[in-house]
Amino acid sequence: MNNNWKTYNGSKAGDFYDELITDTGGPRQAARQAVKLLQELSSEDMAARRGAAELAIREMGISFTIYSEGKNIDRAWPFDIIPRIIPAKEWQKVSHGLAQRSRALNCFIDDIYNRQRILADGLLPADIVLDSGNYKPQCAGVSPRFGTWAHICGTDLVRDRDGKFYVLEDNLRVPSGVSYMLENREITKRVLPELFENYSILPVDDYPSQLYSTLASLSPRALRRPCIAVLTPGIFNSAYFEHAYLAQGMGAELVEGSDLFVDSDDCVYMSTVDGPARVDVIYRRIDDDFLDPESFREDSTLGVPGIMRAWKKGNVAIANAPGSGVADDKVVYAFVPEMIRYYLNEKPSLASVKTYLCMNQPDRDYVLANLDKLVVKPANESGGYGLMVGPHATRAKRAEFARLIEANPRNYIAQPTLSLSTAPTYIDDTVEPRHLDLRPFILQGRDTWVTPGGLTRVALVKGSLVVNSSQGGGSKDTWIVEDNG
Amino acid sequence: MIMLSRVAERLYWMARYLERAEDTARLTQAYTHLIMDIPAGSEPGWDILVHILDAEPFFRENHRAYNEQNVLKFLIAEEENPGSVHFCVKAARENVRTTRDVLPEEVWEHVNELYLFSQENAALSVGRRNRHHFLEQVITRCQMINGLLMTTLCRDHAYRFIKLGALLERADMTTRVIDVGAGAMLGHERLNKAVDPLIWACLLQSLSAMGTYRRTIGPLVEADAVVEFVFRERSLPRSVRFCLDGIRRELVPLKNHEAALKVLDRSRRSLSRFTADTAEREQLHNFIDRFQLELNTLGSEITSTWFTPGRA
């Protein structure tokens with residue numbers, strides 16, 4: 001065994017589940033071959049592989065530059081060469097649970113904008129849904145194809161100390177990161193090719209084709225090759241290169257709002273050198289609020305005036321459909337298991353994190369008595385804003401949140417603090433445990449499809465639970481491997 | 001093959017700016033050599049370069065005296081001057097940034113490298129010492145990018161709009177090169193006869209056309225013959241005639257080309273009616289002025305037909 005791994009304790013190290021190493025210090029079944037090979041590499045060789053990965057990233061990295069203050073900044077893209085390995089048998093169940101969840105969420109969105117059966121039946125209070133900023137009254141009465149609104153869903157999963165996957169949140173608006181998932185696999189193939197010899201790893205590079213099929217199935221016109229456009233806010237958006245990447249991968253047009261217009265026939269056209277060309281499906285990567293100045297924010301210059309009109313008439317498909325965010329809400333999250341039973345008559349197969357709704361008296365009392373153990377989140381914010389992690393918060397902070405909750409209980413939820421799982425991560429000269437999460441992507445059009453694995457984000461700072469790339473997060477290649485004995 | 005109007009417009013401008021960067025570098029290079037060749041006292045002024053590019057208003061914003069230092073700084077390094085080499089390189093790059101998905105991958109890399117080179121060196125290359133190397137590098141790198149485009153780009157709309165931009169810009173710049181010849185002599189009526197061939201040879205050199213001229217026309221560099229050659233030699237890639245013929249070839253397969261073709265054909269007719277008589281320098285200069293206006297009209301026609309339909 002090389003020196004890098006000497007001090008690695010795996011699950012022994014703390015109160016965490018380790019993805020590759022068991023609590024007796026040996027590799028998990030599915031990771032056996034990979035860990036053996038990585039431990040046999042000399043320290044110099046490990047460093048050389050990391051160097052090769054950095055080189056590959058720089059070469060490909062041109063596609064991951066960001067634009068700021070008129071200058072072009074190469075975004076350092078921290079990538080850890082040790083892959084995360086999940087046995088296919090385990091993944092199958094997770095994948096099933098993700099597909100089930102996505103179907104239920106879509107039933108919910110379709111119901112909310114149409115008959116509102118779930119509200120009439122009293123499963124969740126109407127005001128929670130209808131008073132939320134994520135509910136868009138402009139979308140009421142629309143029935144998109146297949147009843148599907150959220151065609152692309154990025155669901156964040158974490159593994160708690162019991163080794164079980166839990167859903168942390170569903171991103172139903174414009175989830176990003178899928179291009180990293182694809183690039184990570186490319187890099188691993190280049191720098192650790194021998195790892196692939198003894199494994200049968202489910203490929204991920206099918207994603208752009210699957211996305212194309214999903215989007216094509218939504219086309220209002222029955223064409224062999226419908227016209228699909230990826231709508232980007234433009235070069236200044238940090239995910240611009242993902243937009244370009246996916247457009248290229250699908251053979252779709254990468255368009256900005258000013259390229260599109262709605263004609264008097266209420267169809268969407270793009271301006272081309274051969275004249276207007278009708279667009280059938282728009283994969284939009286801009287938020288609802290900016291989509292159509294006629295329906296949402298009047299000052300939006302990114303969107304297309306009249307596009308909502310065209311969509312409502314069924315002349316164009318928009319993915320994700322406007323208004324999908326209504327199910328992307330911390331309070332609504334608590335009701336997803338109920339939705340699965342209600343709409344699908346199935347038993348939820350993926351666990352959700354226990355959620356206390358401060359609007360309910362008994363929950364509120366529990367939360368206020370246990371602020372030091374819980375994570376408190378505002379219901380309508382995203383991206384970690386206004387959140388309190390009880391065990392790490394000061395007494396004053398907890399007192400402040402107690403006041404906030406009592407003043408506006410509807411706006412707060414609380415969850416137990418999870419122990420995110422760890423995986424061996426190559427830091428400087430040693431392999432150390434770091435916390436991680438997982439974002440699979442679920443596609444839903446005529447059929448449902450789940451990425452084999454997804455994007456693993458890892459907190460590179462010791463002990464940190466923050467996996468966001470803007471705050472010291474990196475990523476790992478994620479393998480779903482067939483068991484081979 | 002769908003081509004968005006916005007993408008076509010950016011490709012067209014990428015090509016125009018790349019061509020303008022190269023041609024400005026060529027012109028500046030040739031003029032520097034010329035000044036060194038002509039005996040002190042009878043050399044033409046540096047102001048001619050600014051007049052030729054119709055850039056006086058921009059120049060006067062930051063400078064008063066038309067001396068070598070000011071003019072060269074203006075032509076090479078100044079970011080506010082839309083005709084400076086550095087400005088053109090930067091503008092070309094901005095246009096490639098958002099059209100990378102329709103171009104071969106290496107195009108972005110090379111354009112980006114050209115920009116980084118210009119960014120680092122333009123301001124340091126105003127003086128005669130570094131100027132030559134800098135201009136040489138810009139010309140070479142532009143040609144490399146052009147070569148890359150010509151050998152890897154699919155012959156579709158993307159190629160077509162790139163060609164249109166490059167050819168239109170080149171036609172315009174070639175008329176300006178001839179205007180240097182006319183302009184240099186304006187006000188120098190009784191200039192030493194020995195200087196005249198030097199000027200025209202220098203201009204031929206700036207168009208990489210010296211060798212071809214010698215082989216096709218003859219060893220003696222004469223004003224009328226040079227003007228005729230550079231305007232109307234259909235086999236010379238930097239001649240005005242060659243550029244206009246090329247533009248026609250790219251316009252024909254485009255939809256809605258009628259208006260643009262009409263403007264183009266008018267320019268082609270005025271070119272064929274023109275007779276080179278450099279004795280009438282004023283007249284030559286006026287012809288060039290009118291001709292440049294016609295090229296401008298063609299540019300506007302291309303813009304309103306294909307880039308901003310319905311917005312015009």
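User: Hi! Which residues in H6(B) meet which residues in H7(B)?

Analyst: Hello! Keep in mind that this is a predicted model. On the H6(B) side you have Glu106(B), Val107(B), His110(B), Val111(B), Leu114(B), Phe117(B), Ser118(B) and Asn121(B). They meet Phe134(B), Gln137(B), Val138(B), Arg141(B), Met144(B), Ile145(B), Leu148(B) and Leu149(B) in H7(B).

User: And how do the residues of that contact divide into nonpolar, polar and charged?

Analyst: The contact of H6(B) with H7(B) has ten nonpolar residues, four polar ones and two charged ones.

User: At what angle do the two helices pack?

Analyst: Helix H6 (residues 105-121) of chain B and helix H7 (residues 128-152) of chain B pack at about 170 degrees, and their axes are 10 Å apart. Angles over 145 degrees count as roughly antiparallel, so that is the label for H6(B) and H7(B).

User: Nice. What about H1(B) and H9(B), how do their axes cross?

Analyst: Their axes come within 9 Å and cross at roughly 155 degrees. H1(B) and H9(B) are therefore roughly antiparallel to each other.

User: Is that crossing left-handed or right-handed?

Analyst: H1(B) passes H9(B) in a right-handed crossing.

User: Which residues do the meeting there?

Analyst: From H1(B) come Arg26(B), Leu27(B), Gln29(B), Ala30(B), His33(B), Leu34(B) and Asp37(B). Their partners in H9(B) are Leu198(B), Ile199(B), Cys202(B), Leu203(B), Gln205(B) and Ser206(B). By class, the contact of H1(B) with H9(B) has seven nonpolar, four polar and two charged residues.

User: Is Ser208(B) partly exposed or buried?

Analyst: Partly exposed, because 14 other C-beta atoms lie within 10 Å of Ser208(B). To count as buried, a residue needs 20 or more.

User: Then how does Leu284(B) count, buried or exposed?

Analyst: Leu284(B) counts as buried, because it has 23 C-beta neighbours inside 10 Å. Leu284(B) lies in helix H14 (residues 281-307) of chain B. Between the C-alpha atoms of Leu284(B) and Asn256(B) there are 34 Å, and the two residues are 28 residues apart along the chain.

User: New topic: how many residues does each chain bring to the contact between chain A and chain B?

Analyst: Chain B brings 16 residues and chain A brings 18. On the chain B side, helix H1 (residues 5-37) gives the most, with three residues. That side of chain B has seven nonpolar, three polar and six charged residues.

User: Okay, over to chain A. What domains does the assignment give?

Analyst: Domain 1 (221-315) and domain 2 (355-416). The centres of these two domains of chain A, taken over C-alpha atoms, are 40 Å apart.

User: What is phi of Asp266(A)?

Analyst: Near 60 degrees, a positive value in a residue other than glycine. Asp266(A) lies in the loop between strand E8 (260-262) and strand E9 (268-272) of chain A. With 16 other C-beta atoms within 10 Å, Asp266(A) is partly exposed.

User: Last one! What kind of peptide bond joins Ala319(A) and Asn320(A)?

Analyst: A cis one, with omega about -15 degrees. Most peptide bonds are trans. Asn320(A) lies in the loop between strand E12 (317-319) and helix H11 (330-333) of chain A.

Note on methods: Residues numbered from 1 in each chain as written. Chains lettered and ligands numbered in written order. Predicted model: local features only at pLDDT ≥ 70, side-chain atom pairs only at ≥ 80, totals over all residues. Helix = DSSP H or I, 4+ residues; strand = E, 2+ residues; numbered from the N terminus. Buried ≥ 20, exposed ≤ 12 C-beta atoms within 10 Å, placed from the backbone. Domains from an automatic or database assignment. Contact = placed C-beta atoms within 7 Å. Nonpolar A, V, L, I, M, F, W, Y, C, P; charged D, E, K, R; others polar. Axes fitted to C-alpha atoms, helices over the stretch in contact; angles between N-to-C directions. Parallel < 35°, antiparallel > 145°, perpendicular 65-115°, else oblique. Left-handed = near helix turned anticlockwise from the far one by under 90°.
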